[in-house]
Amino acid sequence: MASVEMASAPGDGRRVVGAGESGRSGGDIACSGLYKWYGDSAVVAGLDLYVAQNQFVCVVGPSGCGKTTLLRMMAGLASIDSGTIAISGRQVNGPLPSVAVVFQHYGLFPWKTVFNNVALPLRASGVAKGEAARRANDALTLVGLNDIGDQYPAQLSGGMKQRVGLARALAIQPEVVLLDEPFAAVDAQTREILQEELLALWSRYQQTAVFVTHSIDEAITLADRVIVMGTKPGRIVDDIEVPIGRPRSVASVRRHESYTPLRERIWDQLRGSSTAGGERG
Ligand SMILES: Nc1ncnc2c1ncn2[C@@H]1O[C@H](COP(=O)(O)OP(=O)(O)OP(=O)(O)O)[C@@H](O)[C@H]1O
Ligand SMILES: [Mg+2]
């Protein structure tokens, strides 16, 4: 497949981690020469990025460097001014059914139960009723919410709502899941629990994931590879492999010998790329 072959020669010449390791046929993301302007300013300028299928990439960078813009372009929710994005070899011109998006603000249907928030998108994508129910229950069990399937979003805490959002995105079994600071609005303890749950969900479903975060710890905990963006214009300033095996837990990552050096390297890059940003979470 053409886009997988790009793995050996991404535009920026960096080593690609994990390219082609999986037997799956889809789910890679190839961004090539991407530009996005708002008015006269280039928010994203000449960005090349290849994400191999099943790879978990975290994107960090100072506020305003274009992380959300990049994700929205991948999701087909923002236009691409120049360059291309291909997902599983298909050019992105609008939202693709094989791509799920999780935002900070949940995006749940308030008038539907927890169960239906997860099951109905499956039904809408053509999954038979029994299979949709099985998958929804399975995903809700993985995030510890199978007992509250008949409740409504308004009855849930922020952490629980985000669990439903994760379960919904991953139960669809998209080829790619794009997450924009999904845990930024929850408290620190809930955030670590959600990270553990996402690690478990991801090891179950193994989608290609691009996860934007301001937290260096979160990035190292979750990712196979951390992309550091710089600002003005938005561009990639570092591309770092996380040499920590799976399965992982938050605790095992923190204990790993690579953890502190990785953390320092990312911090140095962020300091160098801008004084405007920094770690918020
Ligand atoms: N719709 C828009 N119209 C005009 N400018 C925009 C629009 N969306 C984003 N921008 C600008 O593009 C730049 C990048 O925004 P973006 O939201 O992608 O940054 P970010 O890296 O996600 O920041 P944060 O970490 O604060 O979420 C910012 O300067 C922002 O003001
Ligand atoms: Mg953003």
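By class, the shell around ligand 1 holds 3 nonpolar, 6 polar and 1 charged residues. Nonpolar here means Ala, Val, Leu, Ile, Met, Phe, Trp, Tyr, Cys and Pro; charged means Asp, Glu, Lys and Arg; the others, Gly among them, are polar.

A word on the basis. This is a predicted model, where local features need pLDDT of at least 70, side-chain atom pairs count only at pLDDT 80 or more, and totals for chains, interfaces and linings use all residues. Residues are numbered from 1 along each chain as its sequence is written, while chains are lettered from A and ligands numbered from 1 in the order in which they are written.

Back to the shell. Its members are Y38, V43, G61, S63, G64, C65, G66, K67, T68 and T69. Near means a C-beta atom, placed from the backbone, within 6 Å of the molecule. Helix α2, residues 67–74, gives the most, with 3 residues. Helices are DSSP runs of H or I, at least four residues, and strands are runs of E, at least two, numbered from the N terminus.

Take K67, in helix α2. Buried or exposed? K67 counts as buried because it has 24 C-beta neighbours inside 10 Å. The cut-offs: buried is 20 or more other C-beta atoms within 10 Å, exposed is 12 or fewer, partly exposed is in between, with C-beta atoms placed from the backbone. Beyond its neighbours within four places in sequence, K67 is in contact with V59, G61, V212 and M229. Contact means C-beta atoms, placed from the backbone, within 7 Å. K67 and R235 are 168 residues apart in sequence, yet 9.5 Å apart in space, C-alpha to C-alpha.

Now the whole protein. There are 9 helices and 10 strands. Of 281 residues, 43% count as buried.

Next, helix α5. It is mostly covered, with 12 of its 14 residues buried. Those buried residues pack against β6, α3, α4, β7 and α6.

Most residues other than glycine have a negative phi, and most peptide bonds are trans. Q173, in the loop between α5 and β7, has a positive phi of about 55 degrees. Q173 is partly exposed, with 17 other C-beta atoms within 10 Å. S88 also has a positive phi, about 50 degrees. S88 counts as buried, with 21 C-beta neighbours inside 10 Å. A cis peptide bond joins K232 and P233, omega about -5 degrees. Another cis bond joins R246 and P247, omega about 0 degrees.

Key
Two residues are in contact if their C-beta atoms, placed from the backbone, lie within 7 Å.
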